[in-house]
Amino acid sequence: MLKKVLLLSVCFFALMAQAQEKKHFTLEDVMPGGKTYSKMNPANIYGLGWWGERSIRKDRDKIVALQQLQKGKTVAGKEEVLLELSDIKESLAQRDTTYKIYHLMGATFPTEKTVLLPLSKGTFLLYDVEKKQIDKLFQTDKKAKNQEFSPTHQYVVYTIDGNLYLSSGEEKIMLGKDEEGIVYGQSVHQNEFGIHKGTFWSPKGNALAFYRMDESMVPAYPQVNTTTRMSTLEPQHYPMAGTKSHKVTVGVYHIASGKTVYLKAGDPTDRYFTNVTWSSDEKLIYMLELNRGQNHMELKSYDALTGAYVETLYTETHPKYVEPQQPILFLPWDNNKFLLQTQRSGYNHLVLFDLSKPLKAPVEKASNGGTYVSYYANTELTMGDWLVKDVLGFNEKKKTILYTSTEISPLQTNVYAVNLKGKRTALDNGKGTHYVQFSPSGEYLIDNYTAHDVPREISLRKAEAVEGVSLLSAKDPLVEKFQLPEITLGTIKAADGKTDLYYRLIKPTDFDPNKKYPAIIYVYGGPHAQLITDTRFYGARGWDLYMPTQGYVMLTIDSRGSANRGLNFENVIHRQVGTEEMKDQMEGVKFLASLSYVDMEKIGVHGWSYGGFMTTNLMLTYADTFKVGVAGGPVIDWKYYEIMYGERYMDSPQENPEGYSKSNLKERAGDLKGRLQIIIGGADPVCLPQHSYTFLRACIDAGTQPDYFIYPESGHNMIGPERVHLYERITRYFKDFLK
């Protein structure tokens with residue numbers, strides 16, 4: 001027994017000595033843009049994907065096929081080189097010496113025999129691998145953006161400024177000319193509602209739908225470029241809550257006729273046209289349309305040839321808001337059936353519609369407090385107190401839909417298949433977070449898996465197989481090289497006394513339970529964001545890990561209002577942003593008070609964007625609790641925020657004057673007691689500089705003293721080396737005033 005005790009003691013002290021030998025990492029090690037950041041992340045395999053049913057890896061100078069899976073079994077062997085950069089360079093030199101190609105990382109694969117590659121000066125080439133020759137050069141422009149190729153890769157559309165062009169490789173035509181305040185072919189509605197592009201090819205590439213956005217009635221915010229000899233204005237059309245919004249219409253260009261028609265969707269004033277989808281036969285276009293109040297959604301179809309309205313297929317209402325984020329998806333094996341993602345049950349789920357079975361439009365009361373009317377038979381394929389995150393593809397042979405969800409835990413992302421009867425099949429190990437790429441058939445997948453204790457594992461396998469080919473099992477350089485702080489995951493009750501909230505607590509390195517430590521709450525608290533996940537270090541960012549090495553306790557709570565917990569969890573903020581979220585953050589403060597090692601006289605807070613709003617709000621509302629705060633890119637007055645996001649959660653200032661007044665932080669500038677530093681990008685297009693400028697004036701008038709720092713010409717977030725500089729500054733501020 002004595003020998004065992006001595007042995008354990010020796011092992012313990014050996015481990016302690018090893019831990020003491022490890023150094024503390026720096027911000028350069030853990031912040032994106034840091035000089036050593038890339039070396040401190042778990043190894044990864046970049047360029048993995050599919051070329052038809054072949055799993056491939058794109059390197060700079062070659063594309064290789066990985067070990068293959070045949071009849072569900074792994075066939076090991078050497079990697080097969082499918083294409084080399086030297087082949088492309090040789091063919092290009094014979095065809096046109098004007099253009100250069102530097103690597104193959106941007107390759108896409110139109111067919112199993114061809115590859116599409118970007119060249120210099122905005123040009124693309126289509127290369128036939130079997131013939132080893134260039135099929136076509138698509139000449140666009142070095143200023144071209146938003147390039148999108150037709151499904152057959154005969155054409156490419158792109159934008160230059162507000163103009164929209166179509167090119168066949170030999171010639172180009174203009175589909176929409178940039179006029180004063182009018183933009184073609186680009187994302188609209190401030191990129192809300194899942195919109196991230198402005199062109200939509202028909203399935204066979206015979207026609208193109210595109211957005212036309214008239215911003216001429218929207219005032220232009222005077223962003224300033226200070227890099228010119230004399231500072232110049234670079235106006236940005238920005239529709240603020242309660243003011244006039246832009247008007248969007250959808251055009252359809254038919255290649256055979258060369259004619260454009262516009263969908264006859266009615267007056268575009270104060271309406272949102274979202275999630276454009278083509279029917280499989282190219283005859284119809286479907287859109288999810290919202291009123292400006294965002295509480296009434298309609299799924300409508302239009303004749304693609306004439307633009308005429310055809311019918312309304314489905315409507316959904318909610319007393320707070322309806323938020324479509326995904327277009328409908330037709331089943332590849334049945335043109336009469338499509339999937340709609342909806343939160344009508346209170347959680348985002350898949351509903352299957354059957355166009356062969358019309359209904360008499362009964363009005364149904366949804367379990368989330370709203371109503372819906374369906375004009376066609378529909379079935380809820382998934383259901384439960386969890387949500388579908390994304391649809392990844394289909395398995396046409398097995399007639400299943402492939403998707404990710406939070407079914408196991410709100411902290412996890414796991415992969416499933418569901419058939420048309422609603423039977424679900426798990427397609428991963430049931431742990432952590434999985435980023436999956438399916439082959440076109442849906443039979444095989446590449447699984448990039450991580451968890452709080454798994455740096456990264458990448459495997460290639462048959463979709464329903466438990467095991468496959470291990471491509472990578474990475475170690476964590478930070479864990480191996482440095483002394484890391486202890487990270488704890490847990491739950492506390494929200495301010496409503498019943499809802500569980502996840503928290504992440506990080507203790508100082510070299511923790512001594514007999515000491516008192518200052519604590520910082522890192523906060524976001526708003527929609528579409530989740531800070532705590534079952535990923536590396538439970539989602540902790542580099543700065544969250546760094547501050548404990550400087551002697552701080554770090555606490556993060558995903559309060560009500562944040563993502564992936566269902567509609568009611570998120571929409572608690574409706575018409576009163578900042579209210580319930582702050583109450584939940586104060587439950588976090590109570591939790592800190594229960595820890596004997598936290599110095600409650602030294603509590604700080606930091607957040608960015610919505611988190612910047614929360615930081616400023618907490619500093620003003622609970623001025624005796626929070627001694628130091630750093631607010632990045634904060635919303636100060638929601639009247640200055642854009643219509644689409646702002647009015648979804650707050651309604652308009654005319655409809656909700658009390659809510660806007662209560663959340664207007666300028667009106668409470670005189671309540672500031674602690675040290676508050678506000679940091680912004682000088683050309684922030686999201687939270688306009690006007691927010692913080694007007695707050696400074698309010699503080700001057702009230703006699704309070706915030707600190708202020710600007711990154712000239714930067715946007716809403718600092719990237720590259722700027723980000724390291726940013727967090728050096730934030731760290732210094734807490735060291736100066738909360739130590």
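The following legends describe close-up views of one predicted model.

The model is predicted, so local features need pLDDT of at least 70 and side-chain atom pairs count only at pLDDT 80 or more, while totals for chains, interfaces and linings use all residues. Residues are numbered from 1 along each chain as its sequence is written, and side-chain values use heavy atoms, with hydrogens and water left out.

**View 1. Helix α12 and its buried residues.** Helices (H or I, at least four residues) and strands (E, at least two) are DSSP runs, numbered from the N terminus. Helix α12 covers residues 721–737, which is 17 residues. The expected span of a helix is 1.5 Å times one less than its number of residues. A residue is buried under 20% relative accessible area, exposed over 50% and partly exposed in between (1.4 Å probe, protein chains only). In α12 the buried residues are R723, V724, L726, Y727, I730, T731, Y733 and F734.

**View 2. An open sheet of four strands.** Two strands pair if DSSP finds at least two bridges between them. The strands follow the order β10-β11-β12-β13, and the pairing is antiparallel. At the edges are β10 (145–149) and β13 (172–176), each of which pairs on one side only. From one strand to the next the twist averages 25°. Such angles run from 0 to 180 degrees between N-to-C directions, with axes that are lines fitted to C-alpha atoms, for helices over the stretch in contact. Strand β11 (residues 156–160) is joined to β10 by three bridges. Opposite E148 stands V157 in β11.

**View 3. Two hairpins that share β37.** Strand β36 (residues 444–451) and strand β37 (residues 454–462) run antiparallel and are joined by seven bridges. The hairpin between β36 and β37 passes through two residues. A451 has V454 in β37 as its bridge partner. On to strand β38 (residues 469–474), β37 pairs in the antiparallel sense over five bridges. Six residues lie between β37 and β38 in this hairpin, and L460 stands opposite V469 in β38. In a regular strand the side chains alternate between the two faces of the sheet.

**View 4. The parallel pair β43 and β44.** Strand β43 (residues 598–608) pairs with β44 in the parallel sense over six bridges. V605 stands opposite G629 in β44. Strand β44 (residues 626–632) is mostly covered, with six of its seven residues buried.

**View 5. A207 in strand β16.** A207 belongs to strand β16 (residues 207–214). Its relative accessibility is 4%, so A207 counts as buried. Although A207 and Y253 are 46 residues apart in sequence, they are 5.5 Å apart in space, C-alpha to C-alpha.

**View 6. The largest pocket.** Rolling a probe the size of a water molecule over the atoms shows where empty space is left. On a 1 Å grid over the protein atoms alone, a cavity is a set of points where a 1.4 Å probe fits but cannot get out; a pocket is an open set with protein on both sides within 12 Å along at least five of seven lines, and lining residues have an atom within 4 Å of a point. Grid points are joined across faces, edges and corners, and a volume is the space filled by probe spheres set on the points. The largest pocket has a volume of about 1,400 Å³. Its lining has 36 residues, of which E148, K197, W201, P327 and L329 lie nearest the centre. β31 gives the most to this lining, with five residues. Ala, Val, Leu, Ile, Met, Phe, Trp, Tyr, Cys and Pro count as nonpolar, Asp, Glu, Lys and Arg as charged, and the others, Gly among them, as polar. The lining of the largest pocket divides into 20 nonpolar, 13 polar and three charged residues.

**View 7. The second largest pocket.** About 850 Å³ of space lies in the second largest pocket. Of its 33 lining residues, K145, Q186, S187, E215 and Q236 lie nearest its centre. β18 gives the most to the lining of this pocket, with four residues. By class, the lining has 12 nonpolar, 12 polar and nine charged residues.
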